[in-house]
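Here are some exercises to work through with the model open beside you. Try each task before reading its solution.

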Amino acid sequence: MSELIRLTAAELAATLAAGEVSSVEATQAHLDRIGAVDGDVHAFLNVSDAEALASAAAVDAARAAGETLHPLAGVPIAVKDVVVTKGQVTTAGSKMLEGWVPPYDATLVTRLREAGLPILGKTNMDEFAMGSSTEHSAYGPTRNPWDLGRIPGGSGGGSAAAVAAYEAPLAIGTDTGGSIRQPAAVTGTVGVKPTYGSVSRYGLIALASSLDQAGPCTRTVLDSALLHDVIGGHDPRDSTSLPEAAPSYADAARAGAHGDLKGLRVGVVTELGGEGYEPGVRASFQAALDALTAAGADIVEVTCPSFSAALAAYYLILPSEASSNLAKFDGMRYGLRVEPGEGAATAERVMSATRGAGFGDEVKRRIILGTYALSAGYYDAYYGSAQKVRTLIQRDFAAAFEQVDVLVSPTAPTTAFPFGAKLDDPLAMYLNDVATIPANLAGIPGISLPSGLSDDGLPVGFQILAPARQDARLYGVGAALETLLLDDWGAPLLSRAPKLEVSR
Amino acid sequence: MCALSGDALERMSVDARPEVPAVPHRLATMSTIDSAEVVRLAGLARIDLSEDEVTRLAGELDVIVQAVATVSEVAGADVPATSHPIPLTNVFRDDVPGETLDTAAVLSQAPEAQDDKFAVPQILGEEV
């Protein structure tokens with residue numbers, strides 16, 4: 001049965017549909033795996049054994065009764081703890097929401113449940129999705145399955161590590177500046193940030209509303225496409241949800257895997273490479289470019305001059321929006337309430353005491369920074385300027401996509417770094433997202449898939465970007481590159497990760 | 001949540017931290033963030049900070065602000081601001097009752113509830 005956990009979601013779905021195994025068996029196999037390795041990996045904050053098995057049993061019963069099921073019915077999934085799940089504790093990695101049981105489901109969770117995907121549990125993350133390493137989780141970091149002394153990326157390190165450690169075939173992440181793609185890069189997995197509005201934000205605990213987007217974390221491009229098909233589509237509960245119908249991303253991935261790259265125009269973004277990117281990362285990136293060239297793609301260099309200001313603009317826009325979004329954590333309606341140590345316990349003072357006790361260092365840092373950027377006298381110089389930079393970045397993308405079909409770069413400048421390496425240097429931590437942030441500022445889709453190992457033996461991510469609403473292009477090109485690399489490697493990159501010690 | 005004048009808010013947040021004087025805000029220059037500024041911002045953001053936190057944040061935020069201040073040098077006055085990645089239009093729906101959350105389920109997660117409502121601490125700062 002241990003083989004079950006090694007299957008891709010597509011393979012597991014086919015096995016389930018053929019009646020070779022039951023969803024209860026598949027779900028139990030993943031729960032067993034979580035029990036065996038998650039003491040070390042700590043990808044999960046909460047595991048919902050009973051509920052997952054009950055969902056699986058319901059799918060098995062429906063299948064036995066001959067009902068028509070969703071293609072992924074019975075395939076278990078892990079959900080990032082920033083997405084609310086009715087009846088299942090949701091904390092967003094914060095003490096502020098310790099033990100909080102949401103009274104409703106996020107739209108994407110409703111869609112998972114309707115499609116019959118048992119939810120294994122909730123995955124660890126940097127508090128309120130602020131971070132690139134999970135070291136800012138109030139419940140302790142997740143460890144990278146490739147090296148337990150290193151970070152799994154962030155904020156969605158738990159979802160990426162769960163997939164990389166075979167604790168789940170599928171997971172949900174959210175990406176505000178790279179929180180799906182950068183963890184995918186450093187764990188040797190696949191992650192997709194869809195076009196802004198492709199997946200409903202209803203029920204996501206908002207970090208920065210104009211940047212947040214939920215998406216898939218998987219081991220293959222096809223699995224991401226299958227999951228995107230489940231969670232995507234218009235939702236009247238999210239006013240920014242794209243109204244138009246989306247094509248089948250799974251079809252795009254399947255076509256791409258056997259497709260032809262002849263004539264595909266690939267743009268290498270000058271500003272997202274070179275200095276600051278580790279030599280081993282650059283070498284792996286170049287090898288993937290060579291594979292694309294050999295398959296007939298035309299590689300050109302494209303310059304996006306305003307990208308050099310993207311990080312600065314992002315670290316004004318994100319804290320500004322976050323400082324507003326997180327104002328709701330005031331100790332009045334849900335979550336933590338702390339009474340001040342002395343003096344009258346007025347609502348005002350309870351708020352300050354609650355927020356002082358409930359928020360961690362990085363959250364405080366960003367709220368204060370956002371409060372500063374939005375405060376009288378600074379607004380135009382900071383927030384207003386950052387919004388202008390956003391315009392320039394969108395113009396750079398528009399110009400670039402007139403020349404090429406997709407843009408590419410390394411997903412992150414480095415491989416997974418050791419715990420503590422950047423914890424005391426916020427700016428160095430922010431630089432992890434330098435290549436992923438422009439897509440969020442422009443609302444365009446991006447995928448990260450593994451391009452190989454660096455000279456330190458750790459995985460490197462290859463990022464592909466497409467114009468807004470052209471997510472299908474990512475799956476097509478991503479699947480094509482995945483096929484080329486897999487042919488070269490002979491086995492998935494994850495098969496080269498060290499075996500995790502299994503405890504009982 | 002409750003109607004309070006700006007003056008009342010200011011007074012209350014200052015009252016809560018009698019050891020630190022309020023600092024009048026400065027005009028937008030590429031300023032530095034010192035401890036007094038952090039205290040002022042924390043008051044606006046309603047976050048109690050320890051003295052150690054104030055000192056540490058002042059140092060860290062100063063570095064971050066110097067780095068992000070470069071945005072003001074990038075775009076000229078002719079560049080319009082973008083607040084949203086995909087152009088937005090107003091979304092309307094028919095004015096019909098929708099699904100609402102179950103009151104009991106919501107209140108079961110509140111720090112305190114009474115008579116089917118959230119119970120909150122006293123709103124005004126006067127002695128009771």
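The exercises below go from a strand to domains and then to a chain interface.

This is a predicted model, in which local features need pLDDT of at least 70 and side-chain atom pairs count only at pLDDT 80 or more, while totals for chains, interfaces and linings use all residues. Residues are numbered from 1 along each chain as its sequence is written, and chains are lettered from A and ligands numbered from 1 in the order in which they are written.

**Exercise 1.** Find which strands pair with β2(A), and decide which of its residues are buried on each side.

*Solution.* Begin with the element: strand β2 of chain A covers residues 77-80, strands (E, at least two residues) and helices (H or I, at least four) being DSSP runs numbered from the N terminus. Next, look for pairing, which requires that DSSP finds at least two bridges between two strands. Four bridges link β2(A) in parallel to β3(A), residues 119-123, with A:I77 partnered by A:I119.

Now check the faces. In a regular strand, side chains alternate between the two faces of the sheet. On one side of β2(A) sit A:I77 and A:V79, on the other A:A78 and A:K80, and all are buried (20 or more other C-beta atoms within 10 Å of the residue's own, with C-beta atoms placed from the backbone; 12 or fewer is exposed, in between partly exposed).

**Exercise 2.** Describe how the two domains of chain A meet.

*Solution.* First, take the bounds, which come from an automatic or database domain assignment: domain 1 is 2-303 + 398-490 and domain 2 is 310-386. Then count contacts (C-beta atoms, placed from the backbone, within 7 Å): 27 residues of domain 1 of chain A touch 22 residues of domain 2. On the domain 1 side, α15(A) supplies the largest share, three residues.

**Exercise 3.** Which helix of chain B gives the most to the side that touches chain A?

*Solution.* Start with the whole interface: 56 residues of chain B are in contact with 64 residues of chain A. On the chain B side, α1, α2, α3 and α4 each supply at least two residues. The most comes from α3(B), with seven.

Finally, look at α2(B), residues 35-44: seven of its ten residues are buried, among them B:V38 and B:L41. After this helix comes B:R46, with a positive phi near 55°.
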